[in-house]
Amino acid sequence: MLLPLTLLAWAASAAAGLTYRGVDWSSIAVEEASGKTFSDLDGKTKPLEQILTDNGVNIVRQRLWYGNGDYDLDYNLKLAKRAHAAGLQIYLDIFFSSTWTDPGHQTTPSAWSGTSITTLASDVQSYTQSVMNSFHSAGIPLAMVAIGNEITDGLLWPLGNLNSSPKNAATLLHAASAGIKASSLSTKPKIIIHTDNGWNWSTQQWWYDTVLGAGPLKASDYDIQGVSYYPFYNPSATLASLKTSVTNMKSRYGKEIMVVETNWPSSCPNPAYAFPSDTKSIPWNEAGQATWIKDVASTVQSAGGDGLFYWEPAWVDNASLGSSCAWCVMFGIDGKAFTGLNVFKSI
C-alpha cells in the first residue's frame, strides 16, 4: 500500500526529530576563568563547544545583560565566536536588565529608569538594534533572539509591568522587535517571546491574548513562542499538561514553539515540592536526565513544537541551578560529562 505524499512527508519529519536541540551555555567562560575544565564521555578534556556538538547539540543559548562584566555584550560576542566556529547556531537571550530576570524580577537598567514609556521604548529599540549591529560587525550570525526572559508579568518594571499596563509591555516588545528588524544583520534572526510555566495553557492564553490585544505588538513582530518547563516547582507541571498547552498554542497562534528552559536532577534528596505524577517513574540520576530529555522532546514534537533547550548543563559551580535539588547539571564536579548528554543525538 502506497502512502500519500503528505503522510510520507509527515513521517519523515517526525523521524527527523526536533529542529533545535540546544543547551544554555552562558556561564562556561565564568567556569573556565575559575579553572574548570570539561571532558567528554570518553574522559578526554575538550572545549565545551566540541563536547556539545559531538553529543548532538546544534544550537546554544546565551544570556545578555546590560552593562559591563559577566554576560555583557563583549562577553557574549567572544562566546558566540566560539560557538560559530564550532558550527553551532546561536540563540541570544536579551534580558533588558543588568541582572537576572524572571517572573518575579524585571529590573530596568539604571541608565534607563525614570523615563516615560515613549523614551523607554526608544531606548529599547536603539539598544536592541545596536546589539544586533555588533554581531553583524563581528561576522556572527544569530539564529534567534529572545526579547526578554520569562516575561510572564512583563519586562522593564515598573513601566513595563504587564499587570499595571499591558499596553506598555506591548509597546516595549514592539520596540525590541523593530530594533532587530532595522539592524544590519543580512539574515534576520527569528524573534522569540519567552514566558514561564509552559505547561499551563491558561497562563499562555491569558498572556498572548492580553498583550496582543493591547497593541501595538502584532503577531508579525515575533516568530517563536518559547516557554520554560521545570518539573520541580509545581506538581501540576505534568508532561500531559505540557502537551495540551503546546498543542493549543500551536492551534491558536500558529507560531513555532520551543521549550527554551528545562532540566532534571541527578540528585534530589529533599525536593521542596512533589514532582508531577507522570514523572515519578523517572529516576533522579544520570539515566533519568536522559529519559527526561527524551520525554520532553517527544512531548514537544508530538504537539507540533520545534525545539528543546537544557538550561546550563555545565554550570557545576551552581549544580542545583536554582532548584531545591542537589545536582541538575550534566557534568560531575570533576567536569566529566554524564551519560545523559549523549541523548541529544536522538531527540
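A salt bridge, for this talk, is a side-chain nitrogen of Lys or Arg within 4 Å of a carboxyl oxygen of Asp or Glu. Side chains of opposite charge can pair when their charged atoms come close.

Before the examples, some housekeeping. This is a predicted model, in which local features need pLDDT of at least 70 and side-chain atom pairs count only at pLDDT 80 or more, while totals for chains, interfaces and linings use all residues. Residues are numbered from 1 along each chain as its sequence is written, and side-chain values use heavy atoms, with hydrogens and water left out.

The structure holds 16 salt bridges. One of them joins the side chains of Asp24 and Arg63, at 4.0 Å from N to O. Which parts of the chain does this pair tie together? Asp24 lies in strand S1 (residues 20–24) and Arg63 in strand S2 (residues 59–64), so the link is between parts 39 residues apart in sequence. Helices (H or I, at least four residues) and strands (E, at least two) are DSSP runs, numbered from the N terminus. Both Asp24 and Arg63 are buried; buried means under 20% relative accessible area, exposed means over 50%, and partly exposed is in between, with a 1.4 Å probe and protein chains only. Asp24 and Arg63 also belong to a network of salt bridges that links them with Arg61, Asp93, Glu261 and Glu312.

Next, two more pairs. Lys46 forms a salt bridge with Asp42, and their closest N and O atoms are 3.6 Å apart. Lys46 is buried, at 16% relative accessible area, whereas Asp42 is partly exposed at 46%. The other pair is Lys78 and Asp74, whose side chains meet at 3.2 Å, N to O. Both residues lie in helix H4, four residues apart, which is about one turn of the helix. Is Lys78 buried or exposed? Lys78 is exposed, with a relative accessible area of 53%, and Asp74 is partly exposed at 42%.

Staying with helix H4, look at Asn76, which is also found there. Asn76 is buried, with a relative accessible area of 0%. Contact means heavy atoms within 4.5 Å. Leaving aside neighbours within four places in sequence, Asn76 is in contact with Gln62, Arg63, Leu64, Tyr71, Leu92 and Phe135. Arg63 is the residue that pairs with Asp24.

Now the helix packing. The axes of H4 (residues 73–85) and H5 (residues 117–137) come within 11 Å and cross at roughly 35 degrees. Axes are lines fitted to C-alpha atoms, for helices over the stretch in contact, and angles run from 0 to 180 degrees between N-to-C directions. The crossing of H4 and H5 is right-handed, meaning the near helix is turned clockwise from the far one by less than a right angle. From H4, Leu73, Asn76, Leu77 and Ala80 meet Val131, Ser134 and Phe135 of H5.

The last pair of helices is H8 (residues 239–253) and H9 (residues 286–302), which pack at an angle of about 30 degrees with their axes 8 Å apart. H8 is therefore roughly parallel to H9, a term for angles under 35 degrees. This crossing of H8 and H9 is right-handed. On the H8 side, Leu239, Leu242, Lys243 and Val246 make the contact; their partners in H9 include Trp292, Asp295 and Val296.

Methods. Parallel < 35°, antiparallel > 145°, perpendicular 65-115°, else oblique.
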